[in-house]
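Trainee: Hi! I'm new to this one, could you walk me through it?
Mentor: Happy to. Let's have it up on the screen.

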Amino acid sequence: MGVTKTEIFTEQQNSLATTLKALAHPARIAILQYIIKQKACICNDLVEELGLAQATISQHLKELKNIGIIKGNIEGTSVCYCIDENVWQQIKKELNAFFIDNVGVDKCC
């Protein structure tokens, strides 16, 4: 029987891979940039800003919410999204650690 990724890789490696997978779409990067710039947003604002369909925006928001980087508060018939500052800081810490730990890697080609 084969092993799963959680068995052969460290918790840090699994966490970083999950985060990067969730961020690996230009629409999600644009959504995060917009939310950071605006401090918060309503899904309809993103539809107008990015020109993507409501369902597409909702799916991208779901992916970002699943990793905890954004959180949503119901405001009437809309949901207002904002960055979860604690998760954001943890993600930045993980990314910094990855790059700092791998500085000075010799080129092979």
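This is a predicted model: local features need pLDDT of at least 70, side-chain atom pairs count only at pLDDT 80 or more; totals for chains, interfaces and linings use all residues.

Trainee: Is Asn86 buried or exposed?
Mentor: Asn86 is exposed, because its relative accessible area is 65%. Buried means under 20% relative accessible area, exposed means over 50%, and partly exposed is in between, using a 1.4 Å probe and protein chains only.

Trainee: And what reaches the backbone nitrogen of Asn86?
Mentor: A side-chain oxygen of Asp84 comes to within 3.1 Å of that nitrogen, at the start of helix 6.

Trainee: How far does helix 6 reach?
Mentor: Helix 6 covers residues 85–101, 17 residues in total, and spans 24 Å from its first C-alpha to its last. That is close to the 24 Å expected at 1.5 Å a residue, where the expected span is 1.5 Å times one less than the number of residues.

Trainee: Let's zoom out. How many helices and strands are there?
Mentor: The protein chain has 6 helices and 3 strands. Along the sequence, the pattern reads α-α-α-β-α-α-β-β-α.

Trainee: Where is confidence highest, and where is it lowest?
Mentor: Helix 3 (residues 26–38) is highest at a mean of 94, and helix 1 (residues 5–8) is lowest at 76. The chain as a whole has a mean pLDDT of 86, and 88% of its residues reach 70 or more. pLDDT is the predictor's confidence in each residue, from 0 to 100.

Trainee: What about the inside? Which residues touch the most other members of the largest nonpolar core?
Mentor: Leu61 and Ile70 do, in a core of 18 residues. Helix 2 (11–23), helix 3, helix 4 (43–50), helix 5 and strand 3 (78–83) each give two or more residues to this core, and helix 3 gives the most, with 4. A nonpolar core is a set of buried Ala, Val, Leu, Ile, Met, Phe, Trp, Tyr and Cys residues joined through side-chain atoms within 4.5 Å.

Trainee: So what is Leu61 in contact with?
Mentor: Leaving aside neighbours within four places in sequence, Leu61 is in contact with Ile31, Cys43, Leu46, Ile70 and Tyr81. Contact means heavy atoms within 4.5 Å.

Trainee: I also spotted His60. Is His60 buried or exposed?
Mentor: His60 is buried, because its relative accessible area is 7%. It is found in helix 5 (residues 54–66). Apart from neighbours within four places in sequence, His60 is in contact with His25, Ala27, Arg28 and Ile31.

Trainee: Where is His25, then?
Mentor: His25 is in the loop between helix 2 and helix 3. His25 and His60 are 35 residues apart in sequence and 8.7 Å apart in space, C-alpha to C-alpha. His25 is partly exposed, because its relative accessible area is 31%.

Trainee: One last thing: what is the phi of Lys39?
Mentor: Phi of Lys39 is near 75 degrees, a positive value in a residue other than glycine. Most residues other than glycine have a negative phi. Lys39 is in the loop between helix 3 and strand 1 (41–42).

Terms used: Residues are numbered from 1 along each chain as its sequence is written. Side-chain values use heavy atoms; hydrogens and water are left out. A polar contact is a pair of N or O atoms within 3.5 Å; within protein, one must be able to donate a hydrogen and the other to accept it, and residues adjacent in sequence count only if both atoms are side-chain atoms.
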